[in-house]
Amino acid sequence: MTLYDELVARGLIAQVTDEEKVKEMINSGKATFYIGFDPTADSLHVGHFMALSLMRRMQQHGNRPIALLGGGTAMIGDPSGKSDMRQMMTAEMIQHNADCFKAQMSRFIDFSDGKALMLNNADWLLKLNYVELLREVGACFSVNNMLRAECYKQRMERGLSFLEFNYMIMQSYDFYHLYQEYGCNFQFGGDDQWSNMLGGRELIRRKLGKEDAEAMTITLLLNSEGQKMGKTVSGAVWLDPNKTSPYEFYQYWRNVDDADVIKCLKMLTDVPLEQIAEMETWKDSQLNQAKEILAYELTKLVHGDEEAEKAQSAARAIFSGGGNADMPSTTLTAEDLTDGKIGVLKLLVAAGMAASNGEAKRLVKQGGVTVNGEKVSAQDATYDEDQLSGDGLVIRKGKKIFHRVTLA
């Protein structure tokens, strides 16, 4: 099976510009390709994971990746899929986040001996002369075509700023610059970036007369209900272990819906397709085994063998009724208590098991919360310092989510 055939079989490819050219390019290891990462946080998250996995697969077949940090484009903000304008970031915030990204990406991509590059588009975008850009680049773009682009439609209804309107031109310029300076002939991105990617390809054609720049979009990671995966009640599932512990990362994948487990195995892991095909026939309790394989393989890729083993052992110990030091935990201080006590609703919010008191109330009302093995039925239940001391309280939400809360 060729690399391209495997990507198709794993459901990773959404759109390509010229399939025959793309097949030949990546199967022969001739692609120098880039994927952009706007450093809007200090850690990569699950939403980035598929792009990183694809870069790793491509590099293993001889292709050369360029990880492009959007230090320049982050100064503007990508309107794609956004109903509101992004918060403006300072240059210092962007640089800090870019440094964090670089450290994390090195777990997936081999940057040694010219095998890959990591670049920052601030190095060229921030040096552009505005009038020159308008004359040399702006003239190549049709406003009518830009406004028809999917990435702008939602924002047009709420109000699209001129600042954001320039994002497509900036991303297109990136491809144009990388093509000239680094021989980059291929761009990858999420399916919501298609219009921006076509803009770069067209800019190369119009300015340089070249027809060999191609683009391919990666299927967005959606659950069976059409929602983006990688979100929990407490926020994104991060790749940084200080923001999402290896155990919590493992548990996220262990708890995916039955309808999503095979798709995630195909798209995100290195498990052979033949083995996954066999799993497609599994039902009931066997699906739990498939989820364990998914969670273990992804935790191993992101956090290493040792952390994957610990996370799996912790999960199995908890589900069998035992305790484990690797259970996710929250430490409260005396300031979190009122008269030496804390209510169950505040406790659930503090542990990140509910986003608000309202959600915590619903969980308790539905009988979905137990504390130290006892179901909580009263919304005004409280816990004192003695109960929080020592091993503290083990809270269970539903059947599978556990969290320990102690007092400092």
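**Figure 1. Strand 3 and strand 4 run side by side in the parallel sense.** In this predicted model, strand 3 covers residues 64-69, and four bridges pair it with strand 4. Look for Leu69: its bridge partner in strand 4 is Asn120.

**Figure 2. Here's a closer look at the side chains of strand 4, residues 117-120.** Which residues point one way, and which point the other way? Leu117 and Leu119 share one direction, while Met118 and Asn120 take the other. That's a handy pattern to know: in a regular strand, side chains alternate between the two faces of the sheet. In strand 4, all of these residues are buried.

**Figure 3. Phe249 and Trp253 form another edge-to-face pair.** Their rings are 6.3 Å apart, centre to centre, with 65° between the planes. Both residues belong to helix 12 (residues 246-254), and they're four residues apart, about one turn of the helix. Are they buried or exposed? Phe249 counts as buried because its relative accessibility is 1%, and Trp253 is buried with a relative accessible area of 1%.

**Figure 4. Phe33, Phe186 and Phe188 gather in a cluster.** Ring pairs are what link these three residues.

**Figure 5. Lys243 lies over the face of Trp238.** To find your way around this view, start at the centre of the Trp238 ring: Lys243 is 4.7 Å from it.

**Figure 6. Now for Thr382, which is found in strand 13.** This strand spans residues 382-384. Thr382 is partly exposed, because its relative accessible area is 40%. Which residues does Thr382 touch, leaving out those up to four places away in sequence? The answer is Lys341, Ile342, Gly343 and Gln387. Met75, on the other hand, is 47 Å from Thr382 in space, C-alpha to C-alpha, and the two are 307 residues apart in sequence.

Note on methods:
Residues numbered from 1 in each chain as written. Predicted model: local features only at pLDDT ≥ 70, side-chain atom pairs only at ≥ 80, totals over all residues. Heavy atoms only, no water. Buried < 20%, exposed > 50% of the residue type's maximum accessible area, 1.4 Å probe, protein only. Helix = DSSP H or I, 4+ residues; strand = E, 2+ residues; numbered from the N terminus. Pairing = 2+ DSSP bridges. Phe/Tyr/Trp six-rings, centres within 6.5 Å; stacked < 30°, edge-to-face > 60°. Lys NZ or Arg CZ within 6 Å of the ring centre and 35° of its normal. Contact = heavy atoms within 4.5 Å.
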